[in-house]
Every structure is written in C-alpha cells, then in structure tokens.
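Here's a quick briefing to read with the model open beside you.

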Amino acid sequence: AKRTATDEAIQKAYRQKAKETHPDKNPSPHANDEFRRVTDAFELLSNPTNRRKYDAQMQKDAQRRRKQHEQERHREQKRRNQMHREQQERQKKHNKMVQKAR
C-alpha cells in the first residue's frame, strides 16, 4: 500500500493478499510464510503509532539512500575529472614529442 493509503485501503489490500496467500487457498510450500508476512504487515500498518514509526523509518532510509547515491555520483564525477586531466596531460606530452621531432 502507498504511504498515503487510508485505513480502508490498507484493509482492502490486506484482505485481497490474505485470500491469495492463505495456506488453505495457496498450494505453494511457502504459503505459510507469505501469509504470515502479509498478516504482520497489516498488523503494523493498521496500528497508527506503529505506522508512524514505520513511515519515519522508511523516510530515514530513503534519505540515507539518496545521500549514498549522491556521494557515489560525486566520487564518480571526481574519478572522471581525474581521468580527463590525465588524458590531457598525456596529449600535451605527445604533442611536445611531435613538436621536437620536427
């Protein structure tokens, strides 16, 4: 369910997933685990206090991932810049050698 989902939407999504994953309806050997995860998620999201804590944690995690991504982009840009400078230096040396050879 979306972070902005209403209690009714959460309950509706839970009922649908519960029907799909219930061990009596689902022949999968993992049906018990799937059903348990769906039920645990519903219990978490249907409790307003726990849902606020969960949402806050998800926001923190998203911010951390964005920061890591930005740091990775910055490191990659620095690496590219360094490679470009090295390429320019090699080109300058090559050009000097060509000039001397003439």
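Phe-42 sits in helix H2, and this is a predicted model, so keep that in mind as you look around. At 19% relative accessibility, Phe-42 falls under the 20% cut-off and therefore counts as buried. Leaving out neighbours within four places in sequence, the residues in contact with Phe-42 are Ile-10, Gln-11 and Tyr-14.

**Phe-42 and the aromatic pair**

- Searching the whole structure turns up 1 aromatic pair.
- That pair is Tyr-14 and Phe-42: the ring centres are 4.2 Å apart and the planes sit at 20°, so it counts as stacked.
- Tyr-14 belongs to helix H1 and Phe-42 to helix H2, so the pair ties together parts that are 28 residues apart in sequence.
- Phe-42 also has Ala-13 across from it: they are 29 residues apart in sequence, with 8.9 Å between their C-alpha atoms.

**Asn-26, between H1 and H2**

- Asn-26 lies in the loop that runs between H1 and H2.
- Is Asn-26 buried or exposed? Its relative accessibility is 15%, so Asn-26 counts as buried.
- A polar atom of the Asn-26 side chain lies 2.9 Å from the backbone nitrogen of Ser-28.
- The Asn-26 side chain also makes a polar contact, at 3.5 Å, with the side chain of Glu-34.
- Setting aside neighbours within four places in sequence, Asn-26 is in contact with Glu-20, Thr-21, Ala-31 and Glu-34.

**Helix H3, end to end**

- H3 covers residues 48-101, which is 54 residues.
- From its first C-alpha to its last, H3 reaches 79 Å, close to the 80 Å expected at 1.5 Å a residue.
- What caps the N-terminal end of H3? Asn-47 does, with a side-chain oxygen 2.9 Å from the backbone nitrogen of Thr-49.

**What's buried in H3**

- The buried residues of H3 are Arg-51, Asp-55, Asp-61 and Ala-62.
- Helix H1 (7-21) and helix H2 (31-46) are included in what covers them.
- Arg-51, in helix H3, has a relative accessibility of 12%, so Arg-51 counts as buried.
- Leaving aside neighbours within four places in sequence, Arg-51 is in contact with Lys-2, Arg-3, Thr-4, Ala-5, Asp-7, Ile-10, Leu-44 and Leu-45.
- Along the chain, Ala-62 and Arg-51 are 11 residues apart, and their C-alpha atoms are separated by 16 Å.

**How confident is the prediction?**

- The chain averages a pLDDT of 94, and 100% of the residues score at least 70.
- Confidence is lowest in H1, at a mean of 94, and highest in H3, at 96.

Key
Residues are numbered from 1 along each chain as its sequence is written. Side-chain values use heavy atoms; hydrogens and water are left out. Helices (H or I, at least four residues) and strands (E, at least two) are DSSP runs, numbered from the N terminus. The expected span of a helix is 1.5 Å times one less than its number of residues. Buried means under 20% relative accessible area, exposed over 50%, partly exposed in between (1.4 Å probe, protein chains only). Contact means heavy atoms within 4.5 Å. A polar contact is a pair of N or O atoms within 3.5 Å; within protein, one must be able to donate a hydrogen and the other to accept it, and residues adjacent in sequence count only if both atoms are side-chain atoms. Rings of Phe, Tyr and Trp (its six-membered ring) pair if their centres lie within 6.5 Å; planes under 30 degrees apart count as stacked, over 60 as edge-to-face and the rest as tilted. pLDDT is the predictor's confidence in each residue, from 0 to 100.
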